[in-house]
Amino acid sequence: MKFTDGYWLTREGVKTSYATEIADARAADGRLTLHAAVRRVERRGHTLNAPLITVECWSPAEGVIGVRSTHHAGRAPRGPEFALHTDSAHRGAATLEEGVAELDAGSLSLRVDTGAPWRLSFRADGRELVSAGPRGTGFAVTGDGHHHSVAQLSLGVGELVYGLGERFTPFTKNGQSVDIWQADGGTASEQAYKNVPFHLTNRGYGVFVNHPGKVSYEVGSEAVGRVQFSVEDQSVEYYVIHGPTPKEILDRYTALTGRPALPPAWSFGLWLSTSFTTDYDEATVNRFVSGMAERDIPLEVFHFDCFWMREYQWCDFTWDPAVFPDPDGMLRRLKERGLRISVWINPYIAQKSPLFAEARDQGYLLRDTAGDVWQWDMWQAGMGLVDFTNPDARRWYADKLRVLAGQGVDCFKTDFGERVPTDVVWHDGSDPERMHNYYTQLYNETVFAVMNEVNGEGQGVLFARSATAGGQQFPVHWGGDCESTFDAMAESLRGGLSLGLSGFGFWSHDIGGFEGTPAPEVFKRWTQFGLLSSHSRLHGSSSYRVPWDYDDEAVAVMRDFTRLKLRLMPYLYRAALQASGRGTPVMRAMVLEFPEDPGCHGLDRQFMLGDDLLVAPVFDAEGRVEYYLPEGTWTHLLTGEQLTGPGWRSERHGFDTLPLLARPGSVVPFGAGEEHAGYDWAHGVTLRVHAPEDGAETVTEIPAADGSIAAVFRTRREGTAVTVTTETDAAVVGGWSVALAGPGGYAEPVRVAGGEAAVTVRPAG
């Protein structure tokens, strides 16, 4: 939200007040408390008839400093609040000496010169990272009387801003006005399903605004050298989070707001959907499943979209008897074929649903200000919203899901949760403006808890569309409704990379696009992209996404890239463990892996899949692709060709390939399985070794599906010889192999008979 009219003026009707100088400063119990006048105080009379802003500063964890700026402090607290995880063993050191107030938070500190004009200076490694100077702390009152607390932080020359949730607008947020406000706007607009009030920059820090309601950002768009954020409240609270690397920023941010859960191994396999408004019954489902098997395309999950229930009755949690007369038998038969089952749900109860009257009478539906059930006809006729602030309503909703889980459902697609009204009264008295964004957190948390309960701890997984800060704890999330075009494919990737830089570890999208029917070339390229994402689902709106509906080559692309992903499971699950342990996403913007390379800072048409694989999807019908290669000798994972960076490359690829390059010095483990995602990844593993430097040693850990480490290999190069050793028992690794990349491609793999062994290989060519 903008308050100024150019540099000197404010907008009509707006009155602004900013911290100008410090009237009083105190340091005690690890906190700084600053009282700031909003004008120069030159005599006693200047202390009258003017606001005083209270600014509190503290450190909830090492490398993190919290700031709360308050105008009037008399308002009673109103929820909801983000659940933050602070370090009880940590407390910053606050001092006030010779007019200088300081707060030491370990690698990050705050310095305030109490005798100088207002300035909060956040410092690390002997330099200023960011500051709040003139107009950096204050409030604005609009002509209609609305009070907005405002903060502005400096934005340096060449400094780029990322994050703010899953946003489909340009990847770097500089120059954009962004409202953190949940909306069902598709992927082709400035609206977002997943709004997160957190951003990071390429200068070594991030900022989290601790406000679950609407946060309005002006990212170099009102004051071009500032990032401004404002909330309609009497106070605004934010946390400056030091890195210095982007990975370390995400580590500290997700430690504060919650780590992503580790999804079960099976969820990384291929998902196939009925699509949305298409016609389908059990015969259709069987035709799809059999068709995939007949074409040797491994399938892991089958998803039933909305019309598994009767029309006009979403949700009644009951299979449509006219279409699925024997749901228990159908699900049993699908599970006998080795499939997991996903079904669509939303948090709404249509008036025609048999559950509506029950939920209304028990007080489980959201009420309007007159005390009646809030209803409208958009989406489902006469629908009401489940009030998840009511513990009884949460239990009631969860019980419906437990019945479905008992039938054999393994996962729920938690759709919607964005269009939440504000002219309402919540059961627990929550502020409607704050609940608008936060509703999805309660919804997904409720469903995720049921999945962990019925499947076993650590086996919960969703396919969720909406989210806010902390929502990363309930994976997986997908990108929402996109068109079936190359443009939509690119905007989906932008959104996913933005979400990854907002603390979310796992992300997916509708392969082929959602709206419309993709051209065969779009479908095949999106298939490659989808199967090189953390999670992979075929889903559409009014048309099916089975590959034989496109052409025979689409079948081959689907089969080859599905099998490639399954072989990469030991590598992908290692990346998944990094996401759940440190908050590093599986799909990573290039700036996350190469923050020291300015050539990577703005890239949004390529990404790193885990630590070591560069993926550049093809967004062109003719197979043309341009991508940037960082420094070193990279190896094409599909062809063995070696390429040297840094620099831009322009290539043309057939549908059997795309730029998929292994990082210099990397060791990429390939599992021996190609049929399911959850096999024994260590047994029979092949290690592909890529251009290690002389004298370098690499440790490669092969995970097990429970998150433990099943095997460890050490790779060392001396001269032209590369030696790989392991002390892992032979019963675990079986016959393992090493394939060394060289100028002539990959050498023939050298097989080792058992564990506790060493093998020395030399490059081919």
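Helix 5 passes helix 6 in a right-handed crossing, meaning that the near helix is turned clockwise from the far one by less than a right angle. Helices (H or I, at least four residues) and strands (E, at least two) are DSSP runs, numbered from the N terminus. The model is predicted, with pLDDT of at least 70 needed for local features and 80 or more for side-chain atom pairs, while totals for chains, interfaces and linings use all residues. Residues are numbered from 1 along each chain as its sequence is written, and side-chain values use heavy atoms, without hydrogens and water.

The axes of helix 5 (residues 391-407) and helix 6 (residues 432-455) come within 10 Å and cross at roughly 40°; axes are lines fitted to C-alpha atoms, for helices over the stretch in contact, and angles run from 0 to 180 degrees between N-to-C directions. Helix 5 is therefore oblique to helix 6, a class left over once angles under 35 degrees (roughly parallel), over 145 (roughly antiparallel) and 65 to 115 (roughly perpendicular) are set aside.

Turning to strands, strand 8 (residues 93-97) and strand 9 (residues 100-104) run antiparallel and are joined by five bridges; two strands pair if DSSP finds at least two bridges between them. Ala94 has Leu103 in strand 9 as its bridge partner. Two residues lie between the strands of this hairpin, where Glu98 takes a positive phi near 50°.

Elsewhere, six strands form an open sheet in the order 34-35-36-39-37-38, with antiparallel pairing. Its edge strands, each pairing on one side only, are strand 34 (587-588) and strand 38 (642-652).
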